[in-house]
Amino acid sequence: MSAASPAASGIDPRGPRFGAAITSVLLLVTVGLALVTPLGSSAVERLVEPAALLQLVLVALFAWGAFAGIQRHPYGAVFRALVAPRLAPPSEREDPAAPSFAQGVGLLVTGVGLLLHLLGVPGAIAVSAAAAFVAAFLNAAFAYCLGCQLYVLLVRAGLVGRRTA
C-alpha cells in the first residue's frame, strides 16, 4: 500500500476561493467604514470605531488561517458543510501550505493597518484593507492568489518550505 500523494490529501481549491469571497466583502465594508469615520482622538476611541472593530475581526480570522491552518479556518468548515456537498468532487487538490501562508500575509497587512490606526495614522485601515481587498478579490474572482504566488517564489528561493539534507 503506497502513501497518498500531497495532491490527493490536499484541500479543495474552491474552499479558499469561497473564503476569499467572504473576506472580500468584509474588507470592502471595512474600507467604506474607514473612509466615512473620523479618526478618534485616543487609542481607545480609535479601537471602538466600526472600521477598527471589523479590521480586528479580520485580523483574528487571518491569524486563525495562518496559525491553525487553512483546513481549520471557519470559512473552510462552512464550505465543507454547506457548499462542497452541492458541488462535483474537485478535479484536483492543492497543498494547504500556500493558502495558509497567504493567510499570514493577510494577517501582516491588516495587522499593520490596525496597529498604525491605533497609533493615530490617518487612513491606515482604509489603505491596508484596500490592499487586502485587492488580493482577496483576485483570489475569489480569478483564482489568482497573490499570497500563494509569493509563497512559491519564497520556496524557489529557498527561504521557506522544507529543506533537504
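The model is predicted: local features need pLDDT of at least 70, side-chain atom pairs count only at pLDDT 80 or more, and totals for chains, interfaces and linings use all residues. Residues are numbered from 1 along each chain as its sequence is written, and side-chain values use heavy atoms, with hydrogens and water left out. The secondary structure comprises 7 helices and 0 strands (DSSP runs numbered from the N terminus, with helices being H or I of at least four residues and strands E of at least two).

**Overall fold**

- From the N terminus on, the order of elements is α-α-α-α-α-α-α.
- The C-alpha trace spans about 65 × 45 × 25 Å along its principal axes.
- Of the 165 residues, 34% count as buried (under 20% relative accessible area, with exposed over 50% and partly exposed in between, using a 1.4 Å probe and protein chains only).
- The chain exposes about 9500 Å², of which carbon and sulfur atoms supply 70%; accessible areas come from the Shrake-Rupley method, and for residues only the protein chains shown count as cover.
- Among contacts (heavy atoms within 4.5 Å) between residues at least 6 apart in sequence, 74% join residues at least 24 apart.

**Helix 5 and helix 6**

- These two helices pack at an angle of about 170°, and their axes are 8 Å apart (axes are lines fitted to C-alpha atoms, for helices over the stretch in contact, and angles run from 0 to 180 degrees between N-to-C directions).
- Helix 5 and helix 6 are therefore roughly antiparallel to each other, a term for angles over 145 degrees.
- On the helix 5 side, Val 109, Thr 110, Gly 113, Leu 114, Leu 116 and His 117 take part; they meet Ala 124, Ile 125, Ser 128, Ala 131 and Ala 132 of helix 6.

**Nonpolar surface patch**

- Leu 108, Val 112, Leu 115, Leu 116, Leu 119 and Val 121 make a nonpolar surface patch of about 530 Å² (residues with over 30% relative accessible area and no salt bridge, nonpolar side chains being joined within 5 Å).
- One of the patch residues, Leu 119, lies in the loop between helix 5 (97-118) and helix 6 (124-142).
- Leu 119 counts as exposed, because its relative accessibility is 62%.

**Salt bridge**

- The structure holds 1 salt bridge (a side-chain nitrogen of Lys or Arg within 4 Å of a carboxyl oxygen of Asp or Glu).
- The side chains of Arg 14 and Asp 12 form a salt bridge, with an N to O distance of 2.8 Å.
- Arg 14 is partly exposed at 27% relative accessibility, whereas Asp 12 is buried at 11% relative accessible area.

Terms used. Patches are made of residues with over 30% relative accessible area and no salt bridge: like charges are joined within 9 Å, nonpolar side chains (Val, Leu, Ile, Met, Phe, Trp, Tyr) within 5 Å. Accessible areas come from the Shrake-Rupley method with a 1.4 Å probe; for residues, only the protein chains shown count as cover. Angles under 35 degrees count as roughly parallel, over 145 as roughly antiparallel, 65 to 115 as roughly perpendicular and the rest as oblique.
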